Amino acid sequence: MMNSLELTRPELLRHQNFIRGTWSESAGGATLEVINPASNRSIASVPDSDARDARAAVEAATAAFKTWRQETAMQRRQLLKEWHRLLLENGEDLARLMSLEQGKPLAEARGEVAYGASYVEWFAEEAVRVNGDILPSTQEGRRQMVIREPVGVVAVITPWNFPLAMIARKIAPALAVGCTVVAKPSEDTPLTALALARLAEEAGFPPGTVNVLSASRSNGALVGDAWLADGRVRKITFTGSTPVGKHLARESAETLKRLSLELGGNAPFIVFEDADLDLAVAGLMASKFRNGGQTCVCPNRVFVQQTVLDEFVTKLQAAMESLVVGPATHPDATIGPMINSRAVEKIQRHVDDALERGARLVCGGERVQNAVAAGPHFYLPTILTNVGADAVMCHEETFGPVIPVIAFENEPEVVTLANDTPYGLAAYFYTSDMRRAFRLPGLLEAGVIGINEGAVASELAPFGGVKESGYGREGSVYGTDDYVQIKYLCQGQL
Ligand code: NAD
């Protein structure tokens, strides 16, 4: 088993909160055990913070905002660039910590470090582009201007599936435009976030600019409640499940905070009979099995045109033989453990439900029972065919390495099926018909569309959903919009 001694810099394994530029226990002294999902054993203990810590963080961020917002854009860019440099310099340690607490294979964790860091670099550059406008004058001698100002203290709440990238792509744009941050990572993966705070400290951000605290699920809700109730917190940026996102939307009404909500998905992946099937299989492998199927944009429903269904499933099954399920430390592992026993139980429930409704099991369908993946949280890559539209897995995120294949006859039918969900994050389709390639994006209800492409995310592109997948966009030139407010200046005769 990996342990902290394998870190080049053991001080990146933090056991305290980072508030007002100092490291401290939780106010109540409670702690939370961080569990390695591969072994189901504790790795470290961190503070189990509550509302008192949440308020202390807001006080620090509020004080820091007064000066941070006045910093020059060049200075903010410089500090973000230094943070980016440190992320890359300490990339191997960050990847190890992430694998240890989240379970993803090391190669994937390294990829996530690079991916998360790319947002920091992008927003470092955006810091010097928070431009305003001069409007045409409506009266002689009058000048009308628009400036973009930071919204204030931003609360960041993140999930466990991308412990580094999710928090980096929220903190970086906030800091870039002059906001300060209070952040609470998932109770399952606080170590990566605390390590990021340590590197932010090293980069030289002023005390209180970035505050990170850890909490258990129940205390984390109290932290959330304290931030929701606090009028000094002007924005919440959240990535996680739709029920928690709706709770935040409801409860923030009292103080009318700005909200960005990156919520759950139920992505359709559509393969038309005119598609290059090898390309489609490669795209599905890339997008479905990243992080063991525990990603918000991974295909949850695979629609294949009846005429090519058998051929597609044969090719897919052959490609899936290359997958190796095992702990992050296994050099060949491509799929790690699921995050916890609740996750494995949910996957099994979805598979059993589909089978009871008449689905056919092509492969997988159960936990792994072999020596390479000995822990309780490993699940076999699974294909189910003949899955009915009424199956639970067609309506809820399965969040595991399970591919339900659903047959369809024609384009109008599959568009209706694809949109038959309250979610709308990602959608993918494969075709060689150019007209269809242009037509379909307008018909699919999703914020991100992959056209003959399964790996879509990039710091250059806007990421976010429609419908109950939330609102707000992360990354790209649109990625700072959610952190600024527009101010109109109307100047008369001087
Ligand atoms: P979750 O909603 O259970 O938890 C997310 C965060 O919210 C955690 O930090 C948790 O502690 C916190 N939280 C829980 N209850 C809270 C409350 N009452 N008040 C304040 N905070 C609270 O989600 P998860 O299981 O950690 O992550 C998986 C989900 O995230 C999936 O639905 C996935 O699709 C979604 N996700 C979405 C995106 C996206 O960009 N749209 C990206 C990654 C994950």
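Helices (H or I, at least four residues) and strands (E, at least two) are DSSP runs, numbered from the N terminus. The model described here is predicted: local features need pLDDT of at least 70, side-chain atom pairs count only at pLDDT 80 or more, and totals for chains, interfaces and linings use all residues. Residue numbers start from 1 along each chain as its sequence is written.

The protein has 13 helices and 20 strands. Its radius of gyration is 23 Å, close to the 23 Å that the globule rule gives for 494 residues, so the protein is as compact as a globular protein of that length. The radius is taken over C-alpha atoms, and the globule rule is 2.2 Å times the number of residues to the power 0.38. Along the principal axes, the C-alpha atoms fill a box of roughly 75 × 60 × 40 Å. Of the 494 residues, 53% are buried. A residue is buried if 20 or more other C-beta atoms lie within 10 Å of its own, exposed if 12 or fewer, and partly exposed in between, with C-beta atoms placed from the backbone. Two residues are in contact if their C-beta atoms, placed from the backbone, lie within 7 Å. Among contacts between residues at least 6 apart in sequence, 72% join residues at least 24 apart.

The ligand is surrounded by 27 residues, and the closest are Pro159, Gly224, Gly240, Glu262 and Cys296. A residue is near a molecule if its C-beta atom, placed from the backbone, lies within 6 Å of it. Helix 7 (217-229) and helix 8 (242-251) each supply at least two residues of this shell. Helix 7 gives the most, with four residues. By type, the shell holds 10 nonpolar, 12 polar and five charged residues. Ala, Val, Leu, Ile, Met, Phe, Trp, Tyr, Cys and Pro count as nonpolar, Asp, Glu, Lys and Arg as charged, and the others, Gly among them, as polar.

Glu262 is found in strand 11 (residues 258-262). It counts as buried because it has 27 C-beta neighbours inside 10 Å. Apart from neighbours within four places in sequence, Glu262 is in contact with Phe238, Thr239, Gly464, Gly465, Gly470, Gly472 and Glu474.

At 1.5 Å a residue helix 3 should span 16 Å, and its end C-alpha atoms are 16 Å apart, which agrees. The expected span is 1.5 Å times one less than the number of residues. Helix 3 is followed by glycine 103, whose phi is positive, near 100°.

Most residues other than glycine have a negative phi. Arginine 20, not a glycine, has a positive phi of about 55°. It is found in the loop between strand 1 (17-19) and strand 2 (22-24). With 17 C-beta neighbours inside 10 Å, arginine 20 counts as partly exposed. Serine 476 has a positive phi of about 75°. Its place is in the loop between strand 19 (470-471) and strand 20 (484-491).
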